[in-house]
Every structure is written in C-alpha cells, then in structure tokens.
Amino acid sequence: MRHERQRGGRSDLVSAFGQTRLGFGCAHLPGRLARREALAVLETAFDAGIRHFDVARMYGDGQAEGIVGAFARGRRAELSLVTKAGITPASHGIAARTLRQALHAAPALATFIPAAARDALAPRFGQFAPAQIRDSLEKSLRELQTDYIDALLLHECAPHHVTDELKLTLERLKADGKIKRWGIACLAEPSRALITTHPDLCDVVQVAAAADVRPLPDAALIVHSVLGRRLAALAEKLEGDAALAARFQAVVSADPRDRSALAAVLIQWELQRRPDAMVLFSSTAPARIRRNAALSSAGGTPAGLASFMQAIAT
C-alpha cells in the first residue's frame, strides 16, 4: 500500500522545532541528578533561549518524559517536544526493584531467575506493532502533560519492522491531532535503508552527527551526539599534537585545553556544515548550557574553522 509523504520539512524546520537551530537532548535525565536538579537544568536551557526538547520513552529508565512534562507545564505553546516510540523502558515496579537489588548484591542469582523475569529488567526493542505504538504514545502524552507531540520518531526502527498497519496508525494519530509529524531516530545503516525503502516514514530523520546519512531534500534533519565521544577524540588529538593545538588556538582564539571551548567549536562546526539541521546538545552544567545556547545566535563561525575541522578529520 502506498502512503503519501508528509509535507513541510527543512523549509519550516525552525518554525516547527523552535526559534533556534539548537535543541536540548534529554537522554541523560535524571542520571545522578535529583528531580529538582533535573528540572533546574531544563529551566536553564529555556532561559538561555532553547525551545526544542528531545526525549524518548526509554530515556532515564522511563523517568525523563515525566521530568520534561513537569518542566513544560504552563509553557507548552512555547515549546517543541519530540519523543520516540519503539523501545520501552525496563520495569521499575517494586518487584523489579527488589530483583535488581538482589542481583546487584549477588550476581550468581541470575542463574536461578526465569528468563522472563530477567527480561523485565532491560529495555525492550522492536516495539512497533500498532497497539504498541498507540500505547507508547498515550504514555508519553500523560508523562509530558500534553495532548500532542510535535514529532513522534520511530526509535531504532529497521525496514523489517515496517508494515502498512504501522503507517496507517501514524496517519490516524496525526489525523487525531496527537502528533504533528513523524519520522525516524536510528543508527546510520537502518536510516539509509528506511530513507530508500520507506521514504514516507522519513520526513523527520534524527541521526548521530558522525553518521553519513542524507535525508530526502525536503525532510527535516536533527543531529545528536555532537559532543560526547567526538569531544573526547578532539581533546585527545590536540593534547597529542602541539602544532594542531597551536592552529586551534589561532583559529578560535581559545585555549585548546579548555573543554568548553572545544565543545563550542564542535557545535559551531555542526551548525555551519548542516545549515538546515536542528542540532542537539546536552549538559547538566548551567554555564555550559548558557554558553552553548548562545552559539545559535552568535553570528558567523571563526574564519578557518572549516579547514581546521577537515584537517583533524584526516
């Protein structure tokens, strides 16, 4: 069965997904933060001008959506909220918590625990049946305290997960006003395969910054993992190459040992090389959040940044 592609991709990305091209990724919430501390992180991002917030059912072992929902209360119309379906979080009921604690204290107990009980302690992937998608979305709507999602992304989907029933389910959810659009959030290889085989699912494509994925011309692109390992790799290169470190300092007028400066360079580069994309970043440090958020309106990137980034890629 053929399904028509949604319309309105890159050309209206900023208006659809926030006032700037920087968004805030919530995969790390709450992490080691108390709930009030996690909420303060989101408030800092909002005060710094961020309006796009990216979350998923599985983030924070199922807790992240509730934190984002509490933050979004009273300001929903000002925000772009994107969540994902397809991976359900591990169980966190009393029985699951007790079992998890027992296994932590005595790992050898795993031999005596039924596989079904152990499976409940881990996220479940491949949850793309229509009923699973509807159930996931309803839980997301409750947790996020909203009656609609700006985009629902299929989380780690692959071509073999796709059915006509899945596509019809997404169309009905959009017709019901529960989602404004849909898309995919996958690794590079399945993303490329889905763009080729199921372009009608790919009007929003979210991938890692390092992935070599080219969405269709009018699709909206969101990139994540701009920092993390890339930041660590850049720091290691500069520490081991004095000439490269000196060039970095000359190009960006910053200390190559300053991780905040390195993070700013990576974000600036991503904004420059993907001028139509929404770029996600994450941090729990208020000063870094404010500094990174300011990059979206900072104007042009430093002269020579492109050639410098090409040099470190070789």
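A nonpolar core, as I use the term, is a set of buried Ala, Val, Leu, Ile, Met, Phe, Trp, Tyr and Cys residues joined through side-chain atoms within 4.5 Å. Buried means under 20% relative accessible area, exposed over 50%, and partly exposed in between, with a 1.4 Å probe and protein chains only.

Two notes on the source. This is a predicted model: local features need pLDDT of at least 70, side-chain atom pairs count only at pLDDT 80 or more, and totals for chains, interfaces and linings use all residues. Residues are numbered from 1 along each chain as its sequence is written, and side-chain values use heavy atoms, with hydrogens and water left out.

Now the overall picture. The chain has 314 residues, and 49% of them count as buried. Its secondary structure comes to 13 helices and 8 strands. Those are DSSP runs, numbered from the N terminus: helices are H or I with at least four residues, strands are E with at least two.

On to the core. The largest one has 81 residues. Which of them touch the most other members? They are F24, L42, F53, I133 and L170. Helix α11, residues 259–273, gives this core its largest share, 9 residues. Take L170. Leaving aside neighbours within four places in sequence, L170 is in contact (heavy atoms within 4.5 Å) with I133, L152, L154, I179, W182 and L201. There is also a second, separate core of 9 residues, including A151, L153, A185 and A220.

Next, the aromatics. The structure holds 5 aromatic pairs. Rings of Phe, Tyr and Trp (its six-membered ring) pair if their centres lie within 6.5 Å; planes under 30 degrees apart are stacked, over 60 edge-to-face, and the rest tilted. F24 and F53 make a tilted pair, 6.2 Å centre to centre with 55° between the planes. F24 is in strand β1 (residues 22–25) and F53 in strand β2 (residues 52–54), so this pair ties together parts 29 residues apart in sequence. F24 is buried at 0% relative accessible area. F53 is buried too, at 1%.

F24 also pairs with F281, edge-to-face, at 5.6 Å and 85°. Why does that pair tie together parts 257 residues apart in sequence? Because F24 lies in strand β1 and F281 in strand β8, residues 278–281. F24, F46, F53, F71 and F281 form one aromatic cluster.

Last, charges over rings. The test is NZ of Lys or CZ of Arg within 6 Å of the ring centre and within 35 degrees of the ring normal. R51 lies over the face of F46, 3.7 Å from the ring centre. The charged end of R76 sits over the ring of Y148, 4.0 Å from its centre.
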